[in-house]
Amino acid sequence: KENALLIKSFQFALKIIELSQSLKEERNYEIANQIIRSGTSIGANVSEAKYAQSTKDFLSKFLIALKEANETEYWLILLEDEYLTDKEVETLMKDLKEIIKILVATTKSLKNKLSN
């Protein structure tokens with residue numbers, strides 16, 4: 001079975017890698033390094049969760065992915081006015097919001113499961 005979150009986060013990471021390369025070409029190394037770290041970490045943590053040792057471990061990986069998604073959103077907002085077109089921001093934010101929505105729903109469900 002295909003994992004929609006894993007696919008979305010992988011595709012998002014590819015876009016972030018492209019963005020980071022573009023930023024480096026413009027000599028924006030610091031932001032490029034920050035956004036590539038947080039933007040690719042989302043999918044890495046979702047992928048790592050596949051082999052979690054427990055439900056708590058799975059939840060932990062998803063919560064880390066959610067934190068990384070929120071950090072990535074911060075960097076995109078920071079880049080919005082100076083370095084990205086409205087269309088670029090719109091596309092990346094739409095993808096990121098879909099990922100965040102899935103992560104939030106999943107973590108809420110898991111927290112409820114663990115508290116019962």
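This is a predicted model: local features need pLDDT of at least 70, side-chain atom pairs count only at pLDDT 80 or more; totals for chains, interfaces and linings use all residues.
Visitor: What makes Lys-8 and Glu-98 a salt bridge?

Guide: Their side chains come to 2.9 Å, N to O. The cut-off for a Lys or Arg nitrogen and an Asp or Glu carboxyl oxygen is within 4 Å, so the pair counts. By that rule the model has 8 salt bridges.

Visitor: Why is Lys-8 called partly exposed?

Guide: Its relative accessible area is 30%. Buried means under 20% and exposed means over 50%, so a value in between is partly exposed. Glu-98, at 26%, gets that label too, because it also falls in between.

Visitor: And Glu-98 with Lys-94, what makes that a salt bridge?

Guide: The closest N and O atoms are 3.1 Å apart, and that is within 4 Å, so it passes. Here both residues lie in helix α4, 4 residues apart, or about one turn of the helix.

Visitor: Is Lys-94 buried or exposed, and how do you know?

Guide: Exposed: Lys-94 has a relative accessible area of 52%, and the label needs over 50%, so it qualifies.

Visitor: Which residues do the shared partners join into one network?

Guide: Lys-8, Lys-94 and Glu-98. Glu-98 bridges to Lys-8 and also to Lys-94.

Visitor: How do you know that Glu-71 and Arg-37 form a salt bridge?

Guide: Check the closest N and O atoms: they are 2.3 Å apart. That is within 4 Å, so the pair is in. Glu-71 is in helix α3 (residues 55–80) and Arg-37 in helix α2 (residues 29–49), 34 residues apart.

Visitor: What are the accessibility labels of Glu-71 and Arg-37?

Guide: Glu-71 comes out at 24% and Arg-37 at 38%. Both values sit between the 20% and 50% limits, so both residues are partly exposed.

Visitor: On to the rings. How many aromatic pairs are there?

Guide: The count comes to 2 aromatic pairs. One of them is Tyr-74 with Trp-75, ring centres 5.1 Å apart. Centres must lie within 6.5 Å, so these rings pair.

Visitor: Why is Tyr-74 with Trp-75 called edge-to-face?

Guide: Their planes are at 75°.

Visitor: Why does Trp-75 count as buried?

Guide: Trp-75 has 14% relative accessibility, and buried means under 20%, so that settles it.

Note on methods: Residues are numbered from 1 along each chain as its sequence is written. Side-chain values use heavy atoms; hydrogens and water are left out. Buried means under 20% relative accessible area, exposed over 50%, partly exposed in between (1.4 Å probe, protein chains only). Helices (H or I, at least four residues) and strands (E, at least two) are DSSP runs, numbered from the N terminus. Rings of Phe, Tyr and Trp (its six-membered ring) pair if their centres lie within 6.5 Å; planes under 30 degrees apart count as stacked, over 60 as edge-to-face and the rest as tilted.
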